[in-house]
Amino acid sequence: MLGQNLSAGAYVVSANVNVAVGGGTPAEEVLCTLTTGGEPHGEAGNTVPANSSATISLSGTQSLSAGATVTLACVSTGATAEVVAANMIATKVVSATRSAQ
């Protein structure tokens with residue numbers, strides 16, 4: 001899990017997570033989520049084959065009336081998936097809107 005404290009304002013938050021799955025196990029589904037105050041605002045997932053790795057990229061927008069912590073967390077369907085590296089960037093913008101496509 002990775003967290004970043006943000007002051008009030010509008011943000012675009014993006015993250016990349018490199019996940020590895022050990023050999024001798026089946027492929028695992030990995031889902032990563034960006035949340036603020038328990039509310040999700042971005043998620044992405046991937047199937048990671050056994051003895052392999054994959055990068056999961058996700059982004060979200062968030063408007064904060066007060067400071068808060070944005071959290072990146074990942075869960076998997078198995079026991080061997082491991083986060084090898086993760087980064088998260090929050091860019092302050094004038095306003096943040098996101099529409100479903």
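Colleague: Which residue does a disulfide join to Cys32?
Modeller: Bear in mind that this is a predicted model. A disulfide counts when two cysteine sulfur atoms lie within 2.5 Å. Here the S to S distance is 2.0 Å, and the partner joined to Cys32 is Cys74.

Colleague: How many residues apart in sequence are the parts that this pair ties together?
Modeller: Cys32 lies in strand S3, residues 28–36. Cys74 lies in strand S6, residues 68–76, so the parts tied together are apart in sequence by 42 residues.

Colleague: Is the disulfide of Cys32 and Cys74 right-handed or left-handed?
Modeller: Look at the torsion about the S-S bond, which is about 105 degrees. That is why the disulfide of Cys32 and Cys74 is called right-handed.

Colleague: And is Cys74 buried, partly exposed or exposed?
Modeller: Buried means under 20% relative accessible area and exposed means over 50%. Cys32 has 0%, so Cys32 counts as buried. Cys74 has a relative accessible area of 29%, so Cys74 is partly exposed.

Colleague: Let's move to Val21. Is Val21 buried or exposed?
Modeller: Val21 sits in strand S2, which covers residues 9–21. Its relative accessibility is 3%, and the cut-off for buried is under 20%. So Val21 counts as buried.

Colleague: How far apart in space are Val21 and Ala54?
Modeller: Val21 has contacts elsewhere in the sequence, among them Val48, Pro49 and Thr80. As for Ala54, 33 residues separate it from Val21 in sequence. In space, C-alpha to C-alpha, Val21 and Ala54 are apart by 8.9 Å.

Technical notes: Residues are numbered from 1 along each chain as its sequence is written. This is a predicted model: local features need pLDDT of at least 70, side-chain atom pairs count only at pLDDT 80 or more; totals for chains, interfaces and linings use all residues. Side-chain values use heavy atoms; hydrogens and water are left out. Helices (H or I, at least four residues) and strands (E, at least two) are DSSP runs, numbered from the N terminus. Buried means under 20% relative accessible area, exposed over 50%, partly exposed in between (1.4 Å probe, protein chains only). Contact means heavy atoms within 4.5 Å. Lists of a residue's contacts leave out its neighbours within four places in sequence.
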